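Dear colleague,

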Amino acid sequence: MMVDRRHPRPSGHAEQAAFPVYGFQPPVGTPYGLEASTIEDFFAQHDDWPWNPPRPGRATFHYLIAVTEGELLHDVDHVTRTVTPGQWLWVRPGHALCWHPPGTARGPFILFEPDVLRPDLARLLAPLTAHDAPAVLSPQHEDAAWLRQTALQLLDEHRALGRRPLDIHHALRRSLLESLLLRLANSPGLAPVGQVTAGTGPADRYGRFLDALELHFRELHQAADYAALLGCSVRTLSRAARDATGKGVREVIDERRLLEAQRLLSGARWDARTVAAHLGFTDPANFGRFFRDRTGLTPAAFAAGGTTTHP
């Protein structure tokens, strides 16, 4: 299901700071960027990986787990989430993730790459796929049974490779996934579908910048880096950022690095030197100045002030 794209394993603090990036790698013969399984099968197939010892990382794809029985513990952005029957866990590309040892959880497990969604559906579903959308979703009561049935239909179709022509098989899988996501987008705490739009203009460019930022903010810190990734000029990217937020690209990058630093210092209890290395600072003193200039506190003072809490 997932593959670690970073093979070297440095030692000491550097090992803690080096987050592997998990790319999408479905079983041989699985068509396109979509896979359906169950959480219990994932636990059984992967033995003690990647929870013994716990190995934080980031994925380049979405994954959804619908808990139908038991309880699932899973870290998203350095905060442990508890998912109970009827709830869905959504880990989006770029989120920091960490598995807990297998427990009693059972239910469908759906993985898909962002480009599986047709562009028009991707625009409608932007509030659901956004990086700041909730990690744990509690669907409306009237949607719960329908969602579970659709997930099981997707699982059945995924397992039925060879039952019908490959293009029909994939079209059915994608249709079931899109239907499921459109209903899941009705969950409380989300903006209405269609409210956040994407297209070919500045708003879409800024959205693609945020996607790239989530995956690369540790190692890429300049506007020019992201302009090169997106195939546009720094001026064009800056205009898109200003139009969307009123902020410059570098300010958006620094805010994302600062948010990660705060999460690691408080919620994950990392020390300042390890956080500095994780975020690409060559000198812990530079990280200290960066953090103090933006918060008014040293990293140590911030860490001593409390822990980060999320639902």
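The expected span of a helix is 1.5 Å times one less than its number of residues. Please bear in mind throughout that the model is a predicted one.

With that rule in hand, helix H12, which runs over residues 284-295 and so has 12 residues, should span 16 Å, and this agrees with its end C-alpha atoms, which lie 16 Å apart. Within H12, the residues Phe287, Gly288, Phe290 and Phe291 are buried, and because these residues cover an arc of only 165 degrees around the axis, they are placed on the same side of H12. As for the two ends of this helix, at its start a side-chain oxygen of Asp283 comes to within 2.9 Å of the backbone nitrogen of Ala285, while just after H12 the residue Gly296 adopts a positive phi of about 80 degrees.

Turning to the sheet, five strands make up an open sheet with antiparallel pairing, and their order is S3-S10-S5-S8-S11. Its edge strands are S3 (34-38) and S11 (136-137), each of which pairs on one side only. Helix H5, spanning residues 141-159, packs on this sheet and touches S3, S8 and strand S10 (108-112), and the direction of H5 makes about 110 degrees with that of S3. Inside the sheet, strand S5 (residues 62-66) pairs with strand S8 (residues 88-91) in the antiparallel sense, over four bridges, and Leu64 has Trp90 as its bridge partner in S8.

Is His158 buried or exposed? Its relative accessibility is 12%, and since the cut-off for a buried residue is under 20%, His158 counts as buried. Once the neighbours within four places in sequence are left aside, His158 is in contact with Thr30, Leu34, Glu35, Ala36, His169 and Arg173; of these, Leu34 belongs to the stretch 34-38 that forms the edge strand S3.

Finally, for the chain as a whole, there are 13 helices and 11 strands, and buried residues account for 46% of its 311 residues. Where contacts between residues at least 6 apart in sequence are concerned, 70% of them join residues that are at least 24 apart.

With kind regards

Notes: Residues are numbered from 1 along each chain as its sequence is written. Side-chain values use heavy atoms; hydrogens and water are left out. Two strands pair if DSSP finds at least two bridges between them. Contact means heavy atoms within 4.5 Å. Axes are lines fitted to C-alpha atoms, for helices over the stretch in contact, and angles run from 0 to 180 degrees between N-to-C directions. Buried means under 20% relative accessible area, exposed over 50%, partly exposed in between (1.4 Å probe, protein chains only). The arc is that of the directions from the helix axis to the C-beta atoms. A polar contact is a pair of N or O atoms within 3.5 Å; within protein, one must be able to donate a hydrogen and the other to accept it, and residues adjacent in sequence count only if both atoms are side-chain atoms.
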